[in-house]
Amino acid sequence: MYKLGRGNRDKVQQFMTITGASEKVALQALKASDWHLEGAFDFFYSQPQISAVNTRHLEDIFNRYKEPDADMIMVEGVSQLCNDLQVDPQDIVMLVISWHMKAATMCEFTRQEFIGGLQSIGVDSIEKFRAKLPSLRAEIKDDNKFREIYNFAFTWAREKGQKSLSLETAIGMWQLLFAERNWPLLDHWCQFLQVRHNKAISRDTWAQLLEFVKSIDPQLSNYDDEGAWPYLIDEFVEYLTENGLVQRTK
């Protein structure tokens, strides 16, 4: 153990015994707290990526859900995980969890994504994971996190190898995301796309719709016809006014 005085060596040993952390993590926490044991515990438990998660437990959880013949959790494993967490696979919390795991594809987790995500969330058992669900679900109410999760959802929900998002998938994702935000024009937007557009959704349209929802009031009173909105959003505004769905006031 590094060249430490007896007192500090004892602290490292005590820290490792109480937390189950490695010597490297114990040293990191103690140095960060100027060798105050109480401060080191506070540091340790406030850092989910180094803290109370036992890597062996994480490996066990991953192995419980992974495919028998592949080092991946696929649809069946995700379904089983949802059962054990007692959540509907369509619950938005599964999107928030996938965002924490930096998952590349919907309904799939690599070993690295899954274990890294659990470390980031700070859980090492299904019971702790289940207890964390309300706070994970609440993250969607934070504007900055909502934007990150919204942008993540586009790439996550795309078919592999595709640049755009299929219309059906995009509508499903918008209904999931904007239900949380109570956007009054959501149903009209989805109907408009099915009637007038009926094509895949580009990343630009996906990103610009969030700006539209955040900045334009539902009566369109502050919508600028000369603004730099994508043509699809201009067409949507026309559709709303032509069909008398919104009475524009300026």
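**Leu-220**

I started at Leu-220, which is buried, with a relative accessible area of 0%. My cut-offs here: buried means under 20% relative accessible area, exposed over 50%, and partly exposed in between, with a 1.4 Å probe and protein chains only. I'm working on a predicted model, where local features need pLDDT of at least 70, side-chain atom pairs count only at pLDDT 80 or more, and totals for chains, interfaces and linings use all residues. Residues are numbered from 1 along each chain as its sequence is written, and side-chain values use heavy atoms, with hydrogens and water left out.

Leu-220 isn't a glycine, yet I get a positive phi of about 65 degrees for it. I place it in the loop between H12 and H13. For the labels, helices (H or I, at least four residues) and strands (E, at least two) are DSSP runs, numbered from the N terminus.

**Asn-182**

Next I looked up another non-glycine with positive phi: Asn-182, near 50 degrees. Asn-182 belongs to the loop between H10 and H11. Buried or exposed? I noted Asn-182 as exposed, with a relative accessible area of 64%.

**H11 against H13**

I then took H11 and helix H13 (residues 231-242), whose axes cross at roughly 105 degrees and come within 10 Å. The axes are lines fitted to C-alpha atoms, for helices over the stretch in contact, and the angles run from 0 to 180 degrees between N-to-C directions. I therefore wrote H11 and H13 down as roughly perpendicular to each other.

On the H11 side, the contact is made by His-188, Trp-189, Gln-191, Phe-192, Leu-193, Arg-196 and His-197. H13 brings Tyr-231, Leu-232, Ile-233, Glu-235, Phe-236, Tyr-239, Leu-240 and Glu-242. Contact means heavy atoms within 4.5 Å. By class I get nine nonpolar, three polar and three charged residues. Ala, Val, Leu, Ile, Met, Phe, Trp, Tyr, Cys and Pro count as nonpolar, Asp, Glu, Lys and Arg as charged, and the others, Gly among them, as polar.

I checked His-197 separately; it sits in helix H11 and is buried, with a relative accessible area of 11%. Leaving out residues up to four places away in sequence, His-197 touches Phe-192, Tyr-231 and Leu-232.

**Aromatics**

How many aromatic pairs does a search of the whole structure find? I got 21. Rings of Phe, Tyr and Trp (its six-membered ring) pair if their centres lie within 6.5 Å; planes under 30 degrees apart are stacked, over 60 edge-to-face, the rest tilted. I opened up Trp-174 and Trp-189: the ring centres are 5.5 Å apart and the planes at 70 degrees, so the pair is edge-to-face. Trp-174 lies in helix H10 (residues 167-179) and Trp-189 in helix H11 (residues 186-197), so the pair ties together parts that are 15 residues apart in sequence. Both Trp-174 and Trp-189 are buried.

I also found Arg-181 over the face of Phe-146, 4.1 Å from the ring centre. That call needs NZ of Lys or CZ of Arg within 6 Å of the ring centre and within 35 degrees of the ring normal.

**H6 and its two partners**

I looked at H6 (residues 92-100) with helix H8 (residues 126-138): the angle is about 95 degrees and the axes are 10 Å apart. I therefore call H6 and H8 roughly perpendicular. H6 puts in Ile-92, Val-93, Val-96, Ile-97 and His-100, and H8 puts in Phe-129, Leu-133, Leu-136 and Arg-137. I sorted these into seven nonpolar, one polar and one charged.

With helix H9 (residues 143-157), the axis of H6 crosses at roughly 85 degrees, and the axes come within 10 Å. That makes H6 roughly perpendicular to H9. Leu-95, Val-96, Ser-98 and Trp-99 of H6 meet Lys-145, Glu-148, Ile-149, Phe-152, Ala-153 and Trp-156 of H9. My class tally is seven nonpolar, one polar and two charged.

**H7**

In helix H7 (residues 111-121) I listed Glu-113, Phe-114, Ile-115, Gly-117, Leu-118 and Ile-121 as buried. Their cover includes helix H4 (55-65), H6 and H8. Gly-122 follows H7 and has a positive phi, near 90 degrees.

**Lys-214**

Last stop: Lys-214, in helix H12 (residues 203-215). I noted Lys-214 as partly exposed, with a relative accessible area of 43%. Apart from residues up to four places away in sequence, Lys-214 touches Asp-143 and Arg-147.

Definitions and conventions:
Parallel < 35°, antiparallel > 145°, perpendicular 65-115°, else oblique.
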